[in-house]
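Me: I am new to this structure. Please take a close look at one part, the surroundings of the ligand, and go through it step by step.

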Amino acid sequence: MTTTRSLLDIDDLTNEEIDALFALAREFAQRPTPHSLDGRFCANLFFEQSTRTHVSFQCAQLRLGGNVVNLTPAQLSLATKGERLDDTAVTLRALGIEVLVVRHPLAGAVAELAAAFEGCTVNAGDGTNAHPTQALLDAFTLRDLLGDLRGRRVAFVGDIRHSRVAHSSMRLLRRYGATVLGVGPEGFLTGADVPPEVEIVRDFDGVLRDIDALVMLRVQRERFEKMPMDDGAYIAGYQLNDDRLARLGARTPILHPGPYNRGVEIVDAVTLDTRWRYREQVRNGVLVRASLLHHLVRGW
Ligand code: CP
């Protein structure tokens, strides 16, 4: 490998690096990807369930010609034999793993592992902290749909407090000059949950006609004990339902990082609406992750 760069959060990349990453991802949509990972071993270590991120990284690694090892934490020695996370990382590196993609339920655990690994570590989501590759694919998708994001108004709606996606994506979109709105009840959103420039909005209905893109978020029940408000009140205030769909701008794209919960933050009709861009997000995720891995191992 020419580099041991890692990606723990979105601030690890400069705007110029992200622009180059997006340009290459766009090329990957048109032509076969180079075998930048030919002969290299990549391991995917997910301590938390994942459909999109895990499969997306695996597809990206295979497209780049990598050898892919998918690790199940329950089968590793750290599960029952007292081996520490950092010692596991040292062992994986000694076994010849060069690229390690990690998801962990605890904020900061991926950084701890990366410090011991001494290879290329990519954060696939750590607790409520960060999910930088989701931020990249969301920004890539929004730039495709809206062009220049300067001055564009992007609203994140729902459980912002527990959303690592929102925490990484809001920062990245601000860097691209977007105006970012956080829309949610006090139990899921206060000033402490978002960067200072983010506008906090309680009235979802009040912004429907005044935004350029909508990012709906799941209520992340696995990350807190007690729902801060009654489910019915949450749905009444923050679900994207038929009535709100009708009042949303005719061309306002609707994004969702997934997994989405029908009947909670969205109704079925959202998934059939032409403004629903979830499939593009998922497709773009493979391109963006392939481009990221190419750059991390080959340099910029
Ligand atoms: N968006 C996302 O992180 O989905 P998964 O949990 O399925 O990976």
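Reply: A polar contact here is a pair of N or O atoms within 3.5 Å. The model is predicted, and the distances below are computed from it.

Start with the neighbours. The residues that surround the ligand are Ser 50, Thr 51, Arg 52, Thr 53, Arg 103, His 131, Gln 134, Pro 257 and Gly 258. By type, this shell holds six polar residues, two charged ones and one nonpolar one.

From Ser 50, an N or O atom of the side chain is 2.6 Å from an oxygen atom of the ligand. For His 131, the side chain has an N or O atom 2.9 Å from a ligand oxygen. Gly 258 takes part through its backbone: one of its polar backbone atoms is 3.2 Å from a nitrogen atom of the ligand. With a limit of 3.5 Å, the pair at Gly 258 falls inside it. On its own the ligand has 250 Å² of accessible area, and the protein covers 92% of that.

Next comes the position in the fold. The ligand sits in the largest pocket. Residues of its shell come from both domain 1 (10-130 + 282-298) and domain 2 (132-281), so the ligand lies between the two domains.

The peptide bond that joins Gly 258 to Pro 259 is cis, with omega about -10 degrees. Most peptide bonds are trans, and most residues other than glycine have a negative phi. Pro 259 itself belongs to the loop between strand E9 (254-255) and helix H10 (268-272).

Glu 118 is not a glycine, yet its phi is positive, at about 60 degrees. Glu 118 is in the loop between helix H5 (109-117) and strand E4 (120-126).

Note on methods
Residues numbered from 1 in each chain as written. Predicted model: local features only at pLDDT ≥ 70, side-chain atom pairs only at ≥ 80, totals over all residues. Heavy atoms only, no water. Near = heavy atom within 4 Å. Polar contact = N/O pair within 3.5 Å; in protein donor to acceptor, adjacent residues only side chain to side chain. Areas by Shrake-Rupley, 256 points an atom, 1.4 Å probe, with all protein chains shown as cover. 1 Å grid on protein atoms, 1.4 Å probe; cavity = no way out; pocket = protein on both sides within 12 Å on 5 of 7 lines; lining within 4 Å. Sits in = over half its atoms within 2 Å of the grid points. Nonpolar A, V, L, I, M, F, W, Y, C, P; charged D, E, K, R; others polar. Domains from an automatic or database assignment. Helix = DSSP H or I, 4+ residues; strand = E, 2+ residues; numbered from the N terminus.
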